[in-house]
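Subject: Structure handover

Hello,

Here is the structure I promised to pass on. Please open it beside this email, then read on for what I found.

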Amino acid sequence: MSDIENNYNATENGNISILSNDTLIKLSQMAEDRVKAMNTIKLHALKATNKNDWVNEGGKPYLQESGSCKIARVFGVSYRINPPTKQLFSDGHYEYIYTGDFSLGGAEISATGSRSSKGDFFVGKKDPKPVSEIDEGDVRKAAYTNCIGRGIKELLGLGNLTWDELGTAGIKKNECAGFEFDKSKQEMSSEAKDQRKEIAKMLLEMADNDKETASKLLAEFTAFTGRDGKEIAGKSKLEDLSEKAIPVTYSKIKKAHDEWRGPDGSSGNSPENT
Amino acid sequence: MEAQEIVQKILDGKKKNIQVRPQYVTRASEVGFPCERYLVYSITNWRDRQPHSAETELIFEGGRVIEDLAIQDLTDAGFKVYRPEPDKACAEAKPALSGHIDVRVDFGDGKVYTGEIKGLNHIDFCKINSIYDMQHSRKPWLRKYPPQLMTYLYIKGEERGFFMLVDKLTFMPKFIWVDLDLPYMDEILQKTERVEAHIKNKTLPEQIDDPEICEKCAFAHICLPQINRAELEIIIDPALEEMLARRDELKDAASEYTEVDKAVKAKFGEREKLCIGEYVAIGKWIEKKEFTVKAQRYMMYKIQKVSG
């Protein structure tokens, strides 16, 4: 047992006694050393990959299975994948689901990977193939690969890396294959569209039908303070609001609009003055 | 179009050429593969084979180009070169093996020798000088070469064949003569027989435990091998870290010292007593006894500094 472990003195009722200052310092030093080591390992692991292992998915780096396996080799991830299950759908399509157990340094997680024959990759986007023309083996292999990729990424916490972090390993966004989501073409749900219309209506009402004022009001309602304490500027155009941001903005503006109208429904001042 | 998009289009084009074909017997080019379970799956589950990647297809295509170039080199040198059709003898062999001999050459002694042409990267090309080097390579595809050629020699009843290796960097050829090794061939035949027996009895050989092979296996998704790896250990040892940093600092100086020391000794020749400026060098003959190095296993480390 280490010195540090010896300082965890369990009392008779099972409580842990307070650690000594020396122990705290040691623990803190150990934590720092571990963080340093983990950063070294992370960088070493990223350097094991190359631009072909990463895809730019809607502006974010996505590690493909080829890269996950390379990183798993660096860390020494062990895994076992279980036989797959096949789920049949009423339209003749099917889905393969693999589960697996992934372990490293005493940590173990289970992960699931799946692929459906309905996926664009198998059916095709332009002239969708009938299910009979889809190679079932391809669907199964893709599900297996998906399970390995997900398990490794989950175990090592590689899901949320940034391009800056990848840059330290020499991987650049513009050299990776991929695509950016075209925000203007993204299909929005009808509920979000309705809420967006309602937001426009309420803002114009509160701005006495002055578009410029309505735009300023929108910017005020959508501004917020970031985690780092910095003020994040709001959006002045409705079309810049993401589907995720619409319900939040809607409820803020609805509340302000209700207050502006007053309890009897008569219109009042702009939210700036309330 | 972005440069990356162009490359992607080329790779997509290559993907169209990749096909998984039926397989009925063990291939001579695969019989040296270390996993017998893979050899069984290759026949019983050929439809399940994961097609190789577009990048690998490029390497295969490059290999075919090198084969053509090598044959042209042999022809230009004035040797009689034969490019055999798929050999009937291979298909009729017992146990059954399929294969395609690259080339047969008469180098001028009236005999025709069976040969395999292999394009290798520069490092492997320099390292590989015998079939022993191939058999003991870390790379499984290099280990497959000797059984392939040996199988052709056995089937054709020939005692000698050759590897023509081509450096993919310089296109320099290298020849390795290979003599038929019957005990070695017997092991290959026994392996083929075991594979045939499993296919006949609808059984599977045991899984192997080699992550390097299993992870890249085309049948991993049906074999479901357990991948066991040694974990990366985090060592918190500031003294060791300092030593590594110092080691790094001294590395260049050490290399330079070795180089200069060698150059100095070369200039001394075998003169026993020398005075050079402020230096005096006295030589002494050292008799080194002959000894045999015992076979041993040791860990070789590649140490590198990881920095951003």
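Start with a loop in chain A. Asp208(A) sits between helix H7 (190–206) and helix H8 (211–222) of chain A. Please keep in mind that this is a predicted model.

The backbone of that loop deserves a look. Asp208(A) is not a glycine, yet its phi is positive, near 50 degrees. Asn209(A) lies in the loop between H7 and H8 of chain A as well. Its phi is near 65 degrees, again a positive value in a residue other than glycine.

Are these two residues buried or exposed? Asp208(A) has a relative accessibility of 67%. The cut-off for exposed is over 50%, so Asp208(A) counts as exposed. Asn209(A) is exposed too, at 61% relative accessible area.

Now step back into helix H7 of chain A, where Met202(A) is placed. Met202(A) has a relative accessible area of 2%. Buried means under 20%, so Met202(A) is buried. Which residues does Met202(A) touch, leaving out those up to four places away in sequence? They are Tyr250(A), Ile253(A), Lys254(A) and His257(A). There is also a C-alpha distance to note here. Met202(A) and Ala256(A) are 54 residues apart along the chain, and their C-alpha atoms are separated by 9.2 Å.

Look in the loop between helix H2 (21–47) and strand E1 (54–57) of chain A. Thr49(A) is buried, because its relative accessible area is 7%, under the 20% cut-off. A polar atom of its side chain lies 2.6 Å from the backbone oxygen of Leu46(A). Beyond neighbours within four places in sequence, Thr49(A) is in contact with Trp54(A), Leu63(A), Gly67(A), Lys70(A), Ile71(A) and Ile171(A).

Next, a hairpin in chain A. Strand E5 (residues 94–104) and strand E6 (residues 107–116) of chain A run antiparallel. How many bridges join them? Ten. Within this pairing, Asp101(A) stands opposite Ser110(A) of E6(A). Two residues lie between the strands of the hairpin. Gly105(A) takes a positive phi there, near 50 degrees.

Some totals for chain A. The chain has 274 residues, and 33% of them are buried. Its secondary structure has nine helices and nine strands. Take the contacts between residues at least 6 apart in sequence: 53% of those in chain A join residues at least 24 apart.

On to chain B. Here there are twelve helices and nine strands. Chain B has 308 residues, of which 34% are buried. Of its contacts with a separation of 6 or more, 62% are between residues 24 or more positions apart. The accessible surface of chain B comes to about 21,000 Å². Carbon and sulfur atoms account for 54% of that surface.

Five strands form an open sheet in the order E2-E4-E5-E6-E7 (chain B), with mixed pairing. Which strands stand at the edges? They are strand E2 (80–82) and strand E7 (173–179) of chain B. Each has a single partner strand, so one side of each has no neighbour in the sheet. On average, neighbouring strands of this sheet are turned by 30 degrees against each other, direction ignored.

Look at one pair in detail. Strand E6 (residues 160–167) of chain B runs antiparallel to E7(B), and seven bridges join the two.

Helix H3 (residues 54–76) of chain B touches E2, strand E4 (103–106), strand E5 (112–120), E6 and E7 of chain B. The direction of H3 makes about 115 degrees with that of E6(B). Helix H8 (residues 145–156) of chain B touches E4, E5, E6 and E7 of chain B. The direction of H8 makes about 165 degrees with that of E5(B).

That is the tour.

Best wishes

Technical notes. Residues numbered from 1 in each chain as written. Chains lettered and ligands numbered in written order. Predicted model: local features only at pLDDT ≥ 70, side-chain atom pairs only at ≥ 80, totals over all residues. Heavy atoms only, no water. Helix = DSSP H or I, 4+ residues; strand = E, 2+ residues; numbered from the N terminus. Buried < 20%, exposed > 50% of the residue type's maximum accessible area, 1.4 Å probe, protein only. Contact = heavy atoms within 4.5 Å. Areas by Shrake-Rupley, 256 points an atom, 1.4 Å probe, with all protein chains shown as cover. Pairing = 2+ DSSP bridges. Axes fitted to C-alpha atoms, helices over the stretch in contact; angles between N-to-C directions. Polar contact = N/O pair within 3.5 Å; in protein donor to acceptor, adjacent residues only side chain to side chain.
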